[in-house]
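Here's a quick briefing on charged pairs and nonpolar packing. Have a look at the model, then read on.

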Amino acid sequence: PRDAILSLFSCRFSNWLDIPDKISMGNVQASQVQRRRNKPGRHLVLMGNSAYKKEHYQEAIEYHSKALEWLKPQSLERAECLDYLVKEHWRLGDIEQALKCSSEALAIKKKIIPGSSGLAKTLSDIGCIFHERGEYDKALVLLQGALAIREKEVPGSVSVAISCTNLALVLTKLGRRADALALHEQARTIKEKEAPDSVSLARTYISLSNNASSLEQASDYLNKAKEIAQKVKPAPTSLLASLEVNRGNLLHVTGQHSEAIEFYERAIEKERKVAPESLMMATMLFQLAKSCEEEGLQPEARAARGKAISIRHKKAPTSLENQVLKD
């Protein structure tokens, strides 16, 4: 059991921490002590990564949070562990906690790896958080900065493509659809070369479907994303649910609301198994509510919208306020 493992780490390695923080010793000896202190933290990081791959997000958070107790402050290892926590909190919809972790990681990286692709990753994470909160101008600055660093440090890489996609999503919200489409296409070109048949490329095709010039083109993009997803074993739930939701969106805009509802409900069922209060879940519930309203299913629409608002209010109240103002 997870609690037993965490307890074992505390007992097994507790003697490694029985060292005064301020102790007189040579630099070499002090370095050896720090390496001993870091070792259990590294094991916990690996266990957390394994849990994340299995989509056991809360378990991953517990392992990585415990790892922070062992890792050296102001170290790259600590910053990278915080990066993992950002992903996990984000996946569960806890974006304020994700922002807290990414802010600490940013402070560390600014000191020890300024101007690096590692720093760009954290800038990108924070930009995505501001995007989710509806603070698009802040997100824009951070994501542009992340892209600029990556284009300089790792040109033509998947990291550059990911930055292109993240920036494109913000530009779409700001009404700059032509600029967004150009970035999505740039991301696709890179990923088709560097990461064919990857989850990342499938996500790009989904993003392109939302910027397609016609419903037929949007459908083609989703079909390509689905083909890729079928090759990935196992495909992450978030990808499979996104495919269902976006297919439902196409049906919704063409007036096929009962069929759209079926797709939304399948997506919601998938997401509920791994992240029942994620922001993605809230988005799916909002979409379900719209189709239910069009079908005259008012009680179902109210229930879905109520659940979505509850999640947003709990996890990202700022984004909820912005959505209300927009509506």
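E293 is partly exposed in this predicted model, with a relative accessible area of 34%. Its salt-bridge partner is R305, at 3.1 Å from N to O. E293 sits in helix α14 (residues 279-294) and R305 in helix α15, so the bridge ties together parts that are twelve residues apart in sequence.

**How exposed is the pair?**
- R305 comes out at 25% relative accessibility, and E293 at 34%.
- Partly exposed covers the range between under 20% (buried) and over 50% (exposed), so R305 at 25% goes in that class.

**Other salt bridges**
- The structure holds 20 salt bridges.
- E77 pairs with R42, and their closest N and O atoms are 2.5 Å apart.
- That pair links distant parts of the chain: E77 belongs to helix α4 (residues 76-91) and R42 to helix α2 (residues 27-53), 35 residues apart.
- Both ends count as partly exposed, with E77 at 26% relative accessibility and R42 at 34%.
- E132 and R312 also meet through their side chains, at 2.9 Å from N to O.
- Here too distant parts of the chain are linked, since E132 is in helix α6 (residues 117-132) and R312 is in helix α15 (residues 298-315), 180 residues apart.
- Is R312 buried or exposed? R312 has a relative accessible area of 9%, and buried means under 20%, so R312 is buried.

- As background, side chains of opposite charge can pair when their charged atoms come close.

**Nonpolar cores**
- Which residues touch the most other members of the largest nonpolar core? They are L82, L123, L167 and L183, in a core of 53 residues.
- The elements giving two or more residues to this core are α2, α3 (57-68), α4, α5 (95-112), α6, α7 (136-153), α8 (158-173) and α9 (177-194).
- Leaving out residues up to four places away in sequence, L82 touches L68, C101, E104, A105 and I108.
- There's also a second, separate core of 20 residues, and its members include L288, A289, C292 and I311.

How values were computed: Residues numbered from 1 in each chain as written. Predicted model: local features only at pLDDT ≥ 70, side-chain atom pairs only at ≥ 80, totals over all residues. Heavy atoms only, no water. Salt bridge = Lys/Arg side-chain N within 4 Å of Asp/Glu carboxyl O. Helix = DSSP H or I, 4+ residues; strand = E, 2+ residues; numbered from the N terminus. Buried < 20%, exposed > 50% of the residue type's maximum accessible area, 1.4 Å probe, protein only. Core = buried A, V, L, I, M, F, W, Y, C linked by side-chain atoms within 4.5 Å. Contact = heavy atoms within 4.5 Å.
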